[in-house]
Amino acid sequence: MEEYEIRNVVVVGVISWSIAFLVIRKIWSNRSFGFCNRLVSTAHATLAVTLASLSVQDWSCPVCPVASNSSPKQLTTLAVTLSYLIYDLVCCLFDKQFSLDNTFHHLVSIVGITAGLAYGKSGSELVAALWVSELSSPFLHIRELLKELGYKDTDLNLAADISFAVVFSIARMMFGSYITFVTVSASNPIIIQAMAVGLLLVSTFWFYKIARMVKHKLTKRTTSKKLA
C-alpha cells in the first residue's frame, strides 16, 4: 500500500468522521455534544473491530506473524482508526468534559499507529491491540448514552456497566497483557514497544477505576434494597 494511499485514507477518514458528527449533531440537536460524539465513537468501534477481524492473517495465532511487514488490509485498518483518533482528539478539545487520561491514551495510540504505518511493520500486533482496545468501547458508550436517555440508576444501566467491566477486563487486562508481552518480546521498533506498554498502563489505571465504579454501584444497589 503506497504512502499517498495511506495519507488519503487518513484525510478522507478525518473529514468523514467530522461530517458524521455534524450530521448527528444536526439530527439530535437537543442532545449533548458528548452524546453525539459517542454515537460516532460507537460506529468507529464497530467498524474497527470488524476491519481488524478481517485483517487477521491466521486465526490460530491472531498476533502472528510478529514483527513482520503489514498487509494492505492491516494498513487500511490502522489508517481508518488513525483518522478517527485525530478527529476524536480534536473533538474532545471542544467538549467541556476534558479527560487527561483519555487524551494521553489518544496521543499514545496516534504515535504508535503512525509509527506502524511509517515503518510498514508490526501490523499483526497493532491490529490485535486495536481489536482488544475497541471491543469494550460500544459497551462504554452505551452506558453513557443510557444515562442521558434517562436510564441512570436503572437495572438496564447497571447491566451495561457490568457488561462493560467484564468485556474490558477480559479484553484489555488478559488479552491486552499477552499482546503487550508479544510486542515487547519481538524485534519491533522501540516506539511501538513503548506504545504497547503505555496502553497497558492506561488500561490498568482504567481497570482500577472501573472496579471501583462497579463496587460502588453494587454496594449502592444493595443498600437501596435493604432500605426499601
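The legends below describe close-up views of a predicted model. Local features require pLDDT of at least 70 and side-chain atom pairs pLDDT 80 or more, whereas totals for chains, interfaces and linings use all residues. Residues are numbered from 1 along each chain as its sequence is written, and side-chain values use heavy atoms, with hydrogens and water left out.

**View 1. The disulfide of C61 and C64.** A search of the whole structure finds one disulfide (a pair of cysteine sulfur atoms within 2.5 Å). The bond joins C61 to C64, with an S to S distance of 1.9 Å. The link is right-handed, with 50° about the S-S bond. C61 is partly exposed at 21% relative accessible area, and C64 is partly exposed at 26%. On this scale, buried means under 20% relative accessible area, exposed means over 50%, and partly exposed lies in between (1.4 Å probe, protein chains only).

**View 2. The cysteines C36 and C92, with C91.** C36 is buried, at 0% relative accessibility. For C92, the closest cysteine sulfur is also in C91, at 6.3 Å, again too far for a bond. C92 is buried, with a relative accessible area of 18%.

View 3. Of the 37 lining residues, R38, N102, L140, H141 and E144 are the closest to the pocket centre. A pocket is an open set of points on a 1 Å grid over the protein atoms alone, where a 1.4 Å probe fits, with protein on both sides within 12 Å along at least five of seven lines; lining residues have an atom within 4 Å of a point. The lining divides into 13 nonpolar, 13 polar and eleven charged residues; Asp, Glu, Lys and Arg count as charged, Ala, Val, Leu, Ile, Met, Phe, Trp, Tyr, Cys and Pro as nonpolar, and the others, Gly among them, as polar.

**View 4. Helices at the largest pocket.** Helices are DSSP runs (H or I, at least four residues), numbered from the N terminus. Those that each supply at least two lining residues include α2 (33–55), α3 (72–94) and α8 (190–227). α6 gives the most, with eight residues.
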